[in-house]
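Dear colleague,

I am handing over the structure below, and after it you will find what was found there. Please read the notes alongside the model.

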Amino acid sequence: VQSRASHIGRWYAHELRKVLGCDRFRCDRRPMANFLATLATQASRPIGCSRVCKECRRMFHRWAGHVDLSVDEGWYCEPCWQLYHRHRMCGLCKRWRTRARRT
């Protein structure tokens, strides 16, 4: 027996697919959550509220990352910046690593 919320979620998912004209949206166990996330993403892109990270290619709110011109001109999300700042040059192999040995 399917719940009414599940049925309504599938209906909204179907309507979203018709409006967007694509099959990138997939129904799964959480159709309403996926519908709202996709709708928010599609709505925020044209008005400039979201950005795509140059490294991980995921979409984030504009305030969830930044550009550092001393590195390059790309916009990166905060998780990618945190990973970048953890890199150190290894004293043994002279490569940039997150777990580098210092000598």
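Lys94 is exposed, with a relative accessible area of 54%, where exposed means over 50%, buried under 20% and partly exposed in between, computed with a 1.4 Å probe and protein chains only. Lys94 is found in the loop between β5 (88-89) and β6 (96-97), and its phi is near 60°, a positive value in a residue other than glycine. Arg57, likewise not a glycine, has a positive phi of about 65°; its place is in the loop between β1 (50-52) and β2 (59-61), and at 60% relative accessibility Arg57 counts as exposed.

Please keep in mind that this is a predicted model, in which local features need pLDDT of at least 70 and side-chain atom pairs count only at pLDDT 80 or more, while totals for chains, interfaces and linings use all residues. Residues are numbered from 1 along each chain as its sequence is written, and side-chain values use heavy atoms, with hydrogens and water left out.

The mean pLDDT of the chain (the predictor's confidence in each residue, from 0 to 100) is 75, and 56% of the residues reach 70 or more. Glu15 has its place in helix α1 and is partly exposed, at a relative accessible area of 22%; its C-alpha atom is separated by 9.5 Å from that of Phe35, 20 residues apart along the chain.

As for the whole chain, there are 3 helices and 6 strands, which are DSSP runs numbered from the N terminus (helices H or I, at least four residues; strands E, at least two). From the N terminus on, they run α-α-β-β-β-β-α-β-β. Of the 103 residues, 21% are buried.

Which residues line the largest pocket? They are Glu55, Val71, Tyr76, Cys80, Trp81, Leu83, Tyr84 and His87, and they divide into 6 nonpolar, 1 polar and 1 charged (Ala, Val, Leu, Ile, Met, Phe, Trp, Tyr, Cys and Pro count as nonpolar, Asp, Glu, Lys and Arg as charged, and the others, Gly among them, as polar). Helix α3 (residues 78-86) gives the largest share of this lining, 4 residues. A pocket here is an open set of points on a 1 Å grid over the protein atoms alone, where a 1.4 Å probe fits, with protein on both sides within 12 Å along at least five of seven lines, and lining residues have an atom within 4 Å of a point.

With best regards
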